[in-house]
Amino acid sequence: MLLSMNDGERFRLTKIERITGERRIESLFTQGSSFMAYPFRVVWQIRNERPAASVSVLISIPKKRLKRAVDRNRMKRLTREAYRLHKQHLSGELPAGEGHLDVAFIYVKDEPSDYVTVEKGIRKAIRELGVTIQTTTR
RNA sequence: GCAGCAGGUCGGUCUGUCGCUCCUUUCACGCAAAGGGGAGGAAAGUCCGGGCAACGCAGAGCGCCAUACUUCCUAACGGGAAGCUGUUCGUGAGAGCAGAUCAGCGUAACAGAAAAAAACCGCUCCCGCUUCGGCAGGGGUAAGGGUGAAAAGGCGGGGUAAGAGCCCACCGGAUGCUGCAGCAAUGCAGUGUGCCGUACGCUUUAUGGGUUGCAAGGCCAUGUAUAUCGGAUAGGUAGGGUUGCUCGCCCGAUGCCGAGGGGUAGGCCGCUACAGGAGGAUGGUGACAUCCGUCCGCAGAUAAAUGACAGGCACCCCGUCUUGUACGGGGUACAGAACCCGGCUUACAGACCGGCUGCUUUU
RNA sequence: GGUACCUUGGCCGAGUGGUUAGGCGUCGGUCUGCAAAACCGUUUACGGCGGUUCGAAUCCGCCAGGUACCU
């Protein structure tokens with residue numbers, strides 16, 4: 001997996017690929033579709049305007065489920081790391097040229113998990129998201 | 001050696017690969033490259049105190065909140081240091097709590113005669129009656145009346161009709177004066193006053209407190225309100241402002257016409273360099289202060305960076321045996337900055353430092 | 001990030017230092033052929049840990065959980 005470095009698609013994840021702004025988040029949660037990929041709930045939406053990145057992501061760890069800031073920070077970092085290492089599978093599924101994808105990963109477990117669990121959840125989520133987009137866009 | 005008391009310090013580290021964010025430099029200006037910085041002792045709770053910012057502020061009275069032994073430290077504090085007195089706990093090292101007040105007021109369930117004032121039972125005197133057992137009336141008492149968390153300082157003597165600090169000796173406390181020690185709280189000595197229950201609250205005295213908090217507040221572009229100003233309209237009225245109230249003071253109407261340009265979402269500033277840290281010297285019992293031809297530059301994110309994976313080292317625990325510089329397995333806390341500081345409180349695996357106490361052993 | 005407040009049985013809710021009201025509900029009984037209604041009885045509480053006090057749901061600290069506002 002480490003040898004895909006040289007084809008231009010590196011495992012990076014910068015600020016541009018994150019969803020910011022109240023209106024955009026509001027639109028995602030009110031009009032987007034969702035499914036479960038334990039320990040995550042995935043919310044996604046295809047938008048018509050085209051910002052810098054083709055896929056934007058939002059990771060949410062609810063304070064209601066994890067009381068301590070340390071746990072929330074760690075789960076967010078693990079989730080981000082897993083997404084960073086697997087996101088190129090998702091951009092391959094996207095129909096080129098038209099619109100872009102907003103995705104939110106919401107942690108729904110009541111206690112922190114280890115990296116293996118998070119990675120499994122993210123891989124499952126990305127696989128399922130790819131299949132769903134393929135079927136809806138045709 | 002074991003158990004403990006109070007205080008202080010630290011709280012993993014190295015390598016590789018892949019990342020995140022900020023700053024600087026370079027360039028072919030981008031999702032680039034290079035170099036450098038990147039969580040804590042509590043960053044936490046938001047319990048105090050300040051800085052900073054905006055708004056407010058003629059004056060007077062009342063109210064509200066906080067603090068309360070002494071001296072000192074400090075920018076300030078409800079914090080800290082050193083000490084004083086009492087009390088509770090502990091064998092002890094020590095720890096917790098309390099400590100303005102001359103005067104006044106309230107409360108103290110149940111029990112108990114009574115919760116501080118009197119009354120009641122009882123004791124006792126006088127007078128009258130008497131069936132000589134007592135009874136009625138008028139006084140004097142607080143020694144006894146065993147309950148309670150708490151009962152009118154304790155004990156002995158004198159005194160008396162009976163009694164009582166009513167008087168006296170001794171003891172315990174309170175308080176005034178004098179002397180000595182101390183900056184002081186206070187201590188010691190002498191002397192005067194018979195002044196003598198406890199707890200809590202109200203009250204009172206002194207000191208401090210304007211309100212709101214960086215989501216404060218300012219700017220930009222987009223955009224356009226019942227802010228505000230002027231005109232006509234009329235009564236200094238309704239009402240509003242003035243920290244919670246009162247006085248006082250100030251402003252002052254819907255609707256119409258014209259001018260005018262607020263907030264939300266977005267971006268930028270505020271935003272990280274100062275009561276700064278390390279080291280040394282001097283002064284001080286100490287908190288701390290002063291000084292330096294000294295060294296360091298030490299997070300600034302904004303749907304919110306400071307991470308992930310792999311391997312080693314260090315420390316601890318368990319197991320195995322070939323008892324070792326072995327092998328295998330497991331563990332390494334509490335916890336994540338959001339304007340910044342000083343404290344307090346709470347959470348915390350483990351390690352270290354010197355001091356003190358009790359018990360025990362040896363000499 | 002900041003500010004204000006709340007916590008009493010299964011639920012609602014009173015209680016300003018002296019044995020925690022009341023209502024709804026649960027369960028049992030009376031009544032009834034059986035049930036409902038009615039009546040009688042019964043069960044279950046002061047968020048946790050300390051302190052002050054003779055005595056704390058109440059007063060004072062610390063902690064936990066929850067709510068609202070700046071939005």
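**View 1. Surroundings of Gly 21 in the predicted model.** In this predicted model, Gly 21 counts as exposed because 8 C-beta neighbours lie inside 10 Å, and a residue with 12 or fewer is placed in that class. Gly 21 belongs to the segment before α1. Between the C-alpha atoms of Gly 21 and Arg 127, which stand 106 residues apart along the chain, the separation is 27 Å.

**View 2. The four-stranded sheet.** The sheet is open and is formed by four strands in the order β1-β2-β4-β3, with mixed pairing. Its edge strands are β1, covering residues 33-37, and β3, covering residues 55-60, each of which pairs on one side only. From one strand to the next, the twist averages 20°.

**View 3. Pairing of β1 with β2.** Strand β2, made of residues 40-47, pairs with β1 in the antiparallel sense, and five bridges join the two. Within this part of the sheet, Met 36 is found opposite Arg 41, a residue of β2.

**View 4. The protein surface near RNA strand B.** RNA strand B is surrounded by 29 residues, and the closest of them are Arg 12, Arg 68, Val 70, Arg 77 and Tyr 115. The elements α1, β3 and α2 each give two or more residues to this surface, and the largest share, nine residues, comes from α2.

**View 5. Confidence along chain A.** The average pLDDT of chain A is 79, and 81% of the residues score at least 70. Over residues 1-9, by contrast, the pLDDT is below 50, and this stretch has three contacts in the model beyond near neighbours in sequence. Where pLDDT is low, predicted coordinates should not be read in detail. For the model, the scores are ipTM 0.78 and pTM 0.78.

Definitions and conventions. Residues are numbered from 1 along each chain as its sequence is written. Chains are lettered from A and ligands numbered from 1 in the order in which they are written. This is a predicted model: local features need pLDDT of at least 70, side-chain atom pairs count only at pLDDT 80 or more; totals for chains, interfaces and linings use all residues. Two strands pair if DSSP finds at least two bridges between them. Axes are lines fitted to C-alpha atoms, for helices over the stretch in contact, and angles run from 0 to 180 degrees between N-to-C directions. A residue is near a molecule or strand if its C-beta atom, placed from the backbone, lies within 6 Å of it. A residue is buried if 20 or more other C-beta atoms lie within 10 Å of its own, exposed if 12 or fewer, and partly exposed in between; C-beta atoms are placed from the backbone. pLDDT is the predictor's confidence in each residue, from 0 to 100. Two residues are in contact if their C-beta atoms, placed from the backbone, lie within 7 Å.
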